[in-house]
Amino acid sequence: MTVTDSTPVNSPPVDVCVAADPDHPRPDGQDRYTISEVAAYTGLSAPTLRWYEEIGLMPHVARSHTGQRIFGNRDLDWLAFVRRLRLTGMAVADMVHFAELVRRGEVTFVERRQILEQTRRDVVARMAELQDTLVVLDAKIDFYAGADQAPERA
């Protein structure tokens, strides 16, 4: 007779800041990238990546013995998350603040959640504005499509 344990396993939550982006699979086993590889992979320019590091938006980026930046998969995951934050319209200063909270660790979970909840509310409001705009655009498109079909007035 086989006995199985049905006790649920409570795995720690996966933080999207460090989880792999399924939209951008990486080569198996690779975890070292040059700045030019990261630029090609993310679509960000090398100067932008350097600026992100300078302002504190990127966590500490490792360096080779010659001083060349070496990015890892966690850096790529973080950049994917930053890209999403930028799409929300979050200000760079707010993203830097969020990055500082991430560096401070788990003690900042509540504050990070609050920031993300507010950002979500902002995104939902923006989506509603865009939906209203879409309705107006559709009405105008329908109007002009009908105007194309109307007979010419003499």
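**The contact of H3 with H4**

Select Trp78, Phe81, Val82, Leu85 and Arg86 in H3, which meet Val92, Met95, Phe98, Ala99 and Val102 in H4, a contact being heavy atoms within 4.5 Å. The residues of this contact divide into nine nonpolar, no polar and one charged. This is a predicted model, in which local features need pLDDT of at least 70, side-chain atom pairs count only at pLDDT 80 or more, and totals for chains, interfaces and linings use all residues. Residues are numbered from 1 along each chain as its sequence is written, and side-chain values use heavy atoms, with hydrogens and water left out.

**The core**

Next select Val38, Leu57, Met58, Phe71 and Trp78, which touch the most other members among the 24 residues of the largest nonpolar core, a set of buried Ala, Val, Leu, Ile, Met, Phe, Trp, Tyr and Cys residues joined through side-chain atoms within 4.5 Å; buried means under 20% relative accessible area, with a 1.4 Å probe and protein chains only. H3 gives the largest share of this core, six residues.

Centre on Leu57, which, not counting residues up to four places away in sequence, touches Tyr52, Trp78, Val82, Met95, Val96 and Ala99.

**The whole chain**

Finally, zoom out to the chain, where buried residues make up 25% of the 154 residues.

Key
Helix = DSSP H or I, 4+ residues; strand = E, 2+ residues; numbered from the N terminus. Nonpolar A, V, L, I, M, F, W, Y, C, P; charged D, E, K, R; others polar. Buried < 20%, exposed > 50% of the residue type's maximum accessible area, 1.4 Å probe, protein only.
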